[in-house]
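Thanks for coming. Please look at the sequence and the model on the screen, and I will go through them piece by piece.

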Amino acid sequence: MDKKIILPLSKLDLHKKAKVSHIKTEDKAMLQRIIAIGALPNIEITLIQRFPSFVFQIGKSQFAVDKELASCIYVKAV
Amino acid sequence: MIKRDYKGPIENSIEMAIEKIVNLLQYDYYLSPRSIAILLLQEDEGIRNLVKEKDAAGFSEIEQIVNNLKTYYKNPISYELAIERQNEVNDILKKAVRFAKDSISFRERLSRLLMNPVLGIPVFLLVSYFGLYKFVGQFGAGTVVDFIETNIFDKYITPFAENMVARFIPWQFLHELFIGEYGLITMAFRYAFAIILPITAFFFLFFSLIEDSGYLPRIAMLIDRTFKKIGLSGRAVIPMVLGFGCATMATMVTRILPTKRERIIATLLLALAVPCSAQLGVIMALLQHNPMALFIWAGVIGFIFLLVGYLTSKILPGDRPSFYMEIPPLRMPSLSNVIVKTYVRVKWYFKEIMPIFLWAGVLIWLGRLAKIFDFLVDILKGPLRAIGLPAEAAKAFLFGFFRRDYGAAGLYDLSAHGKLDGVQLVVSCVALTLFLPCIAQFLMNIKERGWKIGIGISVFVLFFSFSVAYVLNIVLKTLGVIL
């Protein structure tokens, strides 16, 4: 069993390497935004900043998103 | 493109669904049938409508295949496909690319400083001060405009036009359509080329620079939280910054906002509480010797901006806006890029704005011919007295609607003749800033938002600006403020 906890990206510690575990949203438009960003399962993701907006890094790209979007991306620390 | 690995029984796989749809497609869509099939599975609205029209015969069967496939997947098919694609990309990358070890570069450090709220906001204020106020406002809208007006228009073009009109048009009433204080050549044309052209050129130059450096998304992320409170997202920072250049152009740029609700809120705020560079210039000149008055003016306008945004976002139905933006790496802007962009934008802007200016010119001509202006000036005198201003200010307000600089300049004359005290000055500056946008913006509001909303916004702004000025006048008088 994998004991690592799964938590929303908005709660992840800064600069800690993590992987996307799943996306949780009922809102199709929101899912479409997350697909466009590419925050898909198994992708490595690092949170850089949480105020005033959430900034994270995927590969060589950085994205700024609001709390609602950051709360839909669930991650597990690596 | 899509990997052929799949988890359920073969007849329900995505790959099988694609194959079935491909066989049903008859029409030539220019895209490969496979791409069309994949877009259909992703429930792309545009493609769905197109196929419904062009492949009407097979469409119901296609819909059945899509709906059937959906029942076998927990997530939307678009999501499943995105994951498949991502896996494929990762496999290719693994074989083909090796990444250097990450270290935090100078560029990245600078980027984080700009996004840090404690440092980023003062930097943003400095960039606005030097870029917008000094470069676009004082140099572009001041020095350069003055030069073109006095050295080119007043010296050559206006006398030439007057000469030609006098020679070739015998009817006196038609003269005024072309020349004189509000003529098409002496006003509309001059306004477009001597005032708007240099201001927008300098503004777009500044805007292209901050855009190409990658700075804009960093401002957007700093401001998103605040903008959410007024029903906008950080993305709206682009039209709002543009509004300080020319609110008419900014209204056009609200097209980049994703929802109708955001576009309406942004249009209203631009019409009401974002002073354009022409207004800013004269207001600064009026209030520069009176820092307290300037402070009150800025405070009231800022407060109204937030208050009206907040209330509108509470009243208007629709979803809260969502914010997501890529933060590109900071780059040194390339000069040729910036010049080409500025040129293309100024050209595009001119094509949109020129007809509006000419229409405004014709409207003014008709209005003056029918004596509507004298009538409107009389109507305006009442509300102006109510907010504690002399009746002479009525002309400044009315003509301010047609020529913003003229309106503010009218106030300047009154103030220079000692007809306005400090309180009256602040009250009139607040009223003029909030008051109806210029006629070009009024027409643009209608063009972009439609008749109902465009006129609705203008009527609201008209009444609201006087109400705020009225209350401000009473408050300042009651508190015994002497400015």
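Read along the sequence, chain A runs β-β-α-β-β-β-α-β. That makes two helices and six strands, where helices (H or I, at least four residues) and strands (E, at least two) are DSSP runs, numbered from the N terminus.

Some bookkeeping. This is a predicted model, in which local features need pLDDT of at least 70 and side-chain atom pairs count only at pLDDT 80 or more, while totals for chains, interfaces and linings use all residues. Residues are numbered from 1 along each chain as its sequence is written, chains are lettered from A, and ligands are numbered from 1 in the order in which they are written.

Back to chain A. Its radius of gyration is 11 Å, close to the 12 Å that the globule rule gives for 78 residues, so chain A is as compact as a globular protein of that length. The radius is taken over C-alpha atoms, and the rule is 2.2 Å times the number of residues to the power 0.38. The C-alpha trace spans about 35 × 25 × 20 Å along its principal axes. Of the 78 residues in chain A, 36% are buried. Buried means 20 or more other C-beta atoms within 10 Å of the residue's own, exposed means 12 or fewer, and partly exposed is in between, with C-beta atoms placed from the backbone.

Next, where the chains meet. The contact takes 23 residues from chain A and 21 residues from chain B, counting two residues as in contact if their C-beta atoms, placed from the backbone, lie within 7 Å. Which element of chain A gives the largest share of the side that touches chain B? It is α1(A), with six residues. That side of chain A divides into 14 nonpolar, five polar and four charged residues. Here Ala, Val, Leu, Ile, Met, Phe, Trp, Tyr, Cys and Pro count as nonpolar, Asp, Glu, Lys and Arg as charged, and the others, Gly among them, as polar.

Now a helix pair in chain B. The axes of α9 (residues 184–212) and α16 (residues 335–369) come within 8 Å and cross at roughly 150 degrees. Axes are lines fitted to C-alpha atoms, for helices over the stretch in contact, and angles run from 0 to 180 degrees between N-to-C directions. α9(B) and α16(B) are therefore roughly antiparallel to each other; angles under 35 degrees count as roughly parallel, over 145 as roughly antiparallel, 65 to 115 as roughly perpendicular and the rest as oblique. By class, their contact has 18 nonpolar, five polar and three charged residues.
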